[in-house]
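Morning, everyone. I will walk through one structure, ligand first, then the rings, then a few single residues. Here it is.

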Amino acid sequence: MTKSDVQQKPSQKDWVSETLHDGVEISFRVDKVLYEQKTDEWHLELIENSFFGKVLMLDGITQVTTRDEFIYHEMMAHVPILSHGNAKEVLIIGGGDCGMAEEVLKHKSVSRLTQVEIDRSVVDFSKEHFANFNAPVFEDERFDLIIADGAQFVHETDRRFDVILIDSTDPVGPGAVLFTEEFYRGCHLCLKEGGVLVTQNGVTFMQRDELVSSISHFNKIFKEVSAYVACIPTYFGGHMALGWATDNDALNKIPVEVVKKRFEEANFTTQYYTPEVHIAAFALPKYILDAVKEGKS
Ligand code: SAM
């Protein structure tokens, strides 16, 4: 693990505030600072909060909490994989906490999961501190971790994937490139025929422009462009939009009976995802639908 400036001595704070939104601060009471470090890419902080459990922040932006990580990870992984129905090769870009990888690897149909993460420190750190949800990932031979910039990877690889998941930070710093048209063109090239790309596109109520912009990029590249939603308490402000881009227009219209059968066959348990929630997630609240329509116009 190479770090430009390592500081492992926890700083003393009573509350830590997320710095993502202008004019709004979301604060977690710090019951304990568990870890603090300057990695190659980030100022990484791990705190203990009595409600959310362990809270990971990168550059002051909340990434994951042990209390509600299951919502985001289940919805981002299972919806595209069960819509696809025969996903063997899956690619995650980002995803350093490895919660997404854990959900993807629950699918026995997946023969290889490639994860391209820019900062090895986040993975090493998460292996140690988030073992309660990511431990199975590191024992799974199908897990192929590559430390690289995801944007560079999609343009250079000759590998092709059935499902690509962009489990990125927000569009600031190293994560910004993962929201560009050029990057999405790279993802399109990396998809097998009939494959699907899913992106984290922020909380529309707070970050509407982010969704409009990604949708407008998708629209120049993919035949079927849409979004689906999940409500994740950690990501303040209502529904998070997950961008959906594919050349296969059947994938977001799979009947619930088919999804149910696939989920039964997959044979694992969830805490948020159900086949009914899967179908319902594509029914967008009007203000989110309007943002999607604007991106397509
Ligand atoms: N679920 C979280 C959220 O929405 O806030 C994001 C989880 S995960 C911690 C995000 C990961 O994306 C980080 O580990 C970060 O290092 C990685 N990342 C950011 N930019 C990247 C890039 N250009 N290529 C690959 N990984 C990147």
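A ground rule on contacts first. A polar contact is a pair of N or O atoms within 3.5 Å; within protein, one must be able to donate a hydrogen and the other to accept it, and residues adjacent in sequence count only if both atoms are side-chain atoms. This is a predicted model, so local features need pLDDT of at least 70 and side-chain atom pairs count only at pLDDT 80 or more, while totals for chains, interfaces and linings use all residues. Residues are numbered from 1 along each chain as its sequence is written, and side-chain values use heavy atoms, with hydrogens and water left out.

Now the ligand. Which residues come nearest? Of the 25 residues around the ligand, they are Trp42, Tyr72, Glu117, Gly150 and Pro174. Being near here means that one heavy atom of the residue lies within 4 Å of the molecule or strand in question.

A polar backbone atom of Gly150 is 2.9 Å from a nitrogen atom of the ligand. For Asp167, a polar side-chain atom lies 3.2 Å from a ligand nitrogen. For Gln63, a polar backbone atom is 3.4 Å from a ligand nitrogen. How much of the ligand does the protein bury? Alone, the ligand exposes 590 Å², and the protein buries 99% of that. Those areas come from the Shrake-Rupley method with a 1.4 Å probe; for residues, only the protein chains shown count as cover.

On to rings. The rule: rings of Phe, Tyr and Trp (its six-membered ring) pair if their centres lie within 6.5 Å, and planes under 30 degrees apart count as stacked, over 60 as edge-to-face and the rest as tilted. By this rule, the count is 16 aromatic pairs. Take Tyr72 and Tyr235. Their pair is edge-to-face, with 5.6 Å centre to centre and 80 degrees between the planes. Tyr72 lies in helix H1 (residues 69–84), and Tyr235 lies in the loop between strand S12 (224–231) and strand S13 (239–246), so the pair ties together parts that are 163 residues apart in sequence. Helices (H or I, at least four residues) and strands (E, at least two) are DSSP runs, numbered from the N terminus. Tyr72 and Tyr235 are both buried. Buried means under 20% relative accessible area, exposed over 50%, and partly exposed in between (1.4 Å probe, protein chains only).

Next pair: Phe263 and Tyr273. Ring centres are 5.2 Å apart and planes are at 65 degrees, so this pair is edge-to-face. Phe263 sits in helix H8 (residues 256–266), Tyr273 in the loop between H8 and helix H9 (275–280), so the pair ties together parts that are 10 residues apart in sequence. Both Phe263 and Tyr273 are buried.

Ring pairs link Tyr35, Phe125, Phe130 and Phe133.

What should H1 span? At 1.5 Å a residue, its 16 residues should span 22 Å; the end C-alpha atoms are 23 Å apart, which agrees. The expected span is 1.5 Å times one less than the number of residues. H1 is mostly covered, with 16 of its 16 residues buried. Just after H1, Gly85 takes a positive phi of about 90 degrees.

More on phi. Most residues other than glycine have a negative phi, and most peptide bonds are trans. Asp59 is not a glycine, yet its phi is positive, about 50 degrees. Asp59 is in the loop between strand S5 (53–58) and strand S6 (61–65). At 37% relative accessibility, Asp59 counts as partly exposed. Cys98 is another residue other than glycine with a positive phi, near 70 degrees. Cys98 lies in the loop between strand S7 (89–94) and helix H2 (99–104). Is Cys98 buried or exposed? Cys98 is buried, with a relative accessible area of 0%.

Last stop, Thr157. Thr157 is in the loop between helix H5 (150–156) and strand S10 (161–167). At 14% relative accessibility, Thr157 counts as buried. Where does its side chain go? The side chain of Thr157 reaches the backbone nitrogen of Arg159 at 3.0 Å.
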